[in-house]
Amino acid sequence: MTKDEVLAEFKAAGALLEGHFILSSGLRSPNYLQCARVLMDPQRAGRLCATLARQVKARMGDQIDLVASPAMGGVIVGYEMARQLGVDSIFFERVDGKLVLRRGFSIDKGARVLMVEDIVTTGLSSRECIAGITEEGGIAVGAACLIDRSNGKADLGVPLEALTRLDIPTYPADQLPPELAAIPAVKPGSRGLK
């Protein structure tokens, strides 16, 4: 899929929003990608993840034993990527501010794990998930996401395969451009939910 085709999928789902958004990272942005709207259609999710899985296989071959994702954003895309890759899927949940495995999930020592996320902006959740994979005894062999909105700038410590990369501006709250500062901020992400 080309960048335009991926963005067309997001637009068709009503998932490319404009306004003043507080991202999970705390940064502000005039655009928000609501991946949940894209992934609510199983056919669309399948198409997007099938394309991403082909990219991952071309880069990593059959070097993946397991897919792990950070909750909430990565759960659906992680599950669908695991299905496409023919491996199991697990997810990390935030407990007392730290991503941990629950629900009986575990990682076999030495398992080759692909970290899958919906969107990467700063890479914070992705790096936390990768650290969790390592702490559990797995080997993070790479990462994948639908959208890399850092446009390749986020360093996850492992190779990142993205369906597409975008350069969407982000700003610290105290450095907003005037047009963004004039709009009330909305926080649509899941980090910090109790």
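**Exercise 1. Find the backbone oxygen that the side chain of Arg149 reaches, then describe the setting of Arg149 in this predicted model.**

*Solution.* Start at the tip of the side chain: that of Arg149 comes to 3.3 Å from the backbone oxygen of Asn31. With a cut-off of 3.5 Å for a pair of N or O atoms, this distance falls within the limit.

Arg149 sits in the loop that links strand E7 (139–148) to strand E8 (160–165).

Now look for a charged partner. Arg149 is buried but forms no salt bridge. Its nearest side chain of opposite charge belongs to Asp148, 8.0 Å away. A salt bridge needs a nitrogen–oxygen distance within 4 Å.

Finally, list the neighbours. Leaving aside residues up to four places away in sequence, Arg149 touches Asn31 and others, including Leu23, Tyr32, Ile119, Asp167 and Pro169.

**Exercise 2. Work out the strand order of the open sheet of six strands, and say what packs on the sheet.**

*Solution.* Walk across the strands: the order is E5-E4-E3-E6-E7-E8, and the pairing is mixed. On average, neighbouring strands are turned by 25° against each other, direction ignored.

Zoom in on one pair. Strands E3 (residues 66–70) and E4 (residues 88–95) run parallel over five bridges, and Ser69 stands opposite Phe91 in E4.

Key
Residues numbered from 1 in each chain as written. Predicted model: local features only at pLDDT ≥ 70, side-chain atom pairs only at ≥ 80, totals over all residues. Heavy atoms only, no water. Helix = DSSP H or I, 4+ residues; strand = E, 2+ residues; numbered from the N terminus. Buried < 20%, exposed > 50% of the residue type's maximum accessible area, 1.4 Å probe, protein only. Lys, Arg positive; Asp, Glu negative; His and termini not counted. Polar contact = N/O pair within 3.5 Å; in protein donor to acceptor, adjacent residues only side chain to side chain. Contact = heavy atoms within 4.5 Å. Pairing = 2+ DSSP bridges. Axes fitted to C-alpha atoms, helices over the stretch in contact; angles between N-to-C directions.
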